[in-house]
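I opened this notebook to record what I looked up, entry by entry, with the structure beside me. The entries follow the order in which I asked for things.

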Amino acid sequence: MSFPTHILAAAGYVFDHNDNILLIKTQHRGYEPPGGQIETGENLEEGLLREIMEESGITATVQNLVGIYSNVGQHLWYDGKTPVPTKIMMDFICRYESGQPTTSDETSEVIWLPKAEALAVVTSPPARFRLEKVLGFSGNVNYTSYLSKPQFQVLLDRLV
């Protein structure tokens, strides 16, 4: 598998009309918001909404950009051989529109949780850090640079 120089990805923190948050369970990282890589020819919003639908069966709309994250660490893909380049990720608050939680090839579980319970199930340090930023969102976009491996380390964290 050949990767580009940088991967661009987006995550959607989807809230329903009762302010519950949508989480998916993945094989390698546990619970996290739906999202993934933006594909060739897609803008960020199109790619994000596609990823939300593919991974969860939920249709959503984008509301706010919450954070821009740069994972500057270089590590190997899950196959243990393929180098993964640095990754730029953008986190968005989204609003639920329609659909029922449905698993996919990438997800083993799709759940709605009250916001107060979400941090208890998100255990990946980068995902937990980013969720905390979403839950504390005050209207200012956050920029963070970090390393995810060998252990999570924040290098720069500020509002922009």
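Entry on Cys-94. I began with the burial of Cys-94, which counts as buried because its relative accessibility is 0%, below the 20% under which a residue is called buried. The model I am reading is a predicted one, and I keep that in mind for every value that follows. Cys-94 lies in strand β8. I then listed what Cys-94 touches, leaving out residues up to four places away in sequence, and found Gly-12, Tyr-13, Val-14, Phe-15, Leu-48, Ile-52, Ala-60, Thr-61, Val-62 and Gln-63. For a distance along the fold I took Asn-43, which is 51 residues from Cys-94 along the chain, and the C-alpha atoms of the two are separated by 16 Å.

Entry on Thr-86. I stayed with strand β8, which covers residues 86-98 and holds Thr-86. Is Thr-86 buried or exposed? I noted a relative accessibility of 15%, so Thr-86 counts as buried, the limit being under 20%. Again leaving out residues up to four places away in sequence, I found that Thr-86 touches Thr-5, His-6, Ile-7, Asn-71, Val-72, Gly-73 and Gln-74.

Entry on strand β2. I next looked up strand β2, residues 20-26, and noted that 6 of its 7 residues are buried, which leaves the strand mostly covered. Which strands pair with β2? I found strand β9, residues 109-114, paired with β2 in the antiparallel sense over 6 bridges, and within that pairing Leu-22 has Trp-112 of β9 as its bridge partner. I also found strand β3, residues 30-32, running antiparallel to β2 and joined to it by 3 bridges, with Glu-32 of β3 as the bridge partner of Ile-24.

Entry on Asp-19. I checked the loop between β1 and β2, where Asp-19 is found, and noted that Asp-19 has a positive phi of about 70° although it is not a glycine.

Entry on the largest pocket. The pocket is lined by 42 residues, of which Arg-29, Glu-32, Trp-77, Tyr-78 and Lys-87 are the closest to its centre. Glu-32 was already in my notes as the bridge partner of Ile-24. What is the lining made of by class? I recorded 20 nonpolar, 13 polar and 9 charged residues. I then looked at which elements contribute, and found that β1 (6-15), β2, β4 (35-37), α1 (44-56), β6 (75-76), β8 and α3 (125-135) each supply at least two residues of the lining. The largest share, 5 residues, comes from β1.

Entry on aromatic pairs. I asked how many aromatic pairs the structure holds, and the count is 4. I looked at the pair of Tyr-69 and Tyr-146, which is tilted, with 6.5 Å centre to centre and 55° between the planes. Tyr-69 lies in strand β5 (residues 59-71) and Tyr-146 in strand β10 (residues 142-147), so this pair ties together parts that are 77 residues apart in sequence. Tyr-69 and Tyr-146 are both buried. I also noted that ring pairs link Tyr-69, Phe-129, Tyr-146 and Phe-152 into a cluster.

Entry on strand β10. I found β5 and β10 running parallel and joined by 5 bridges, with Ile-68 standing opposite Tyr-143 of β10. On β11, I found an antiparallel pairing with β10 over 6 bridges, in which Tyr-146 stands opposite Val-154. β10 and β11 form a hairpin with 5 residues between them.

Entry on Pro-150. I ended in the loop between β10 and β11 (153-159), which is the place of Pro-150. The peptide bond from Lys-149 to Pro-150 is cis, with omega near 10°. I noted beside this that most peptide bonds are trans.

Notes: Residues are numbered from 1 along each chain as its sequence is written. This is a predicted model: local features need pLDDT of at least 70, side-chain atom pairs count only at pLDDT 80 or more; totals for chains, interfaces and linings use all residues. Side-chain values use heavy atoms; hydrogens and water are left out. Buried means under 20% relative accessible area, exposed over 50%, partly exposed in between (1.4 Å probe, protein chains only). Helices (H or I, at least four residues) and strands (E, at least two) are DSSP runs, numbered from the N terminus. Two strands pair if DSSP finds at least two bridges between them. Contact means heavy atoms within 4.5 Å. On a 1 Å grid over the protein atoms alone, a cavity is a set of points where a 1.4 Å probe fits but cannot get out, and a pocket is an open set with protein on both sides within 12 Å along at least five of seven lines; lining residues have an atom within 4 Å of a point. Ala, Val, Leu, Ile, Met, Phe, Trp, Tyr, Cys and Pro count as nonpolar, Asp, Glu, Lys and Arg as charged, and the others, Gly among them, as polar. Rings of Phe, Tyr and Trp (its six-membered ring) pair if their centres lie within 6.5 Å; planes under 30 degrees apart count as stacked, over 60 as edge-to-face and the rest as tilted.
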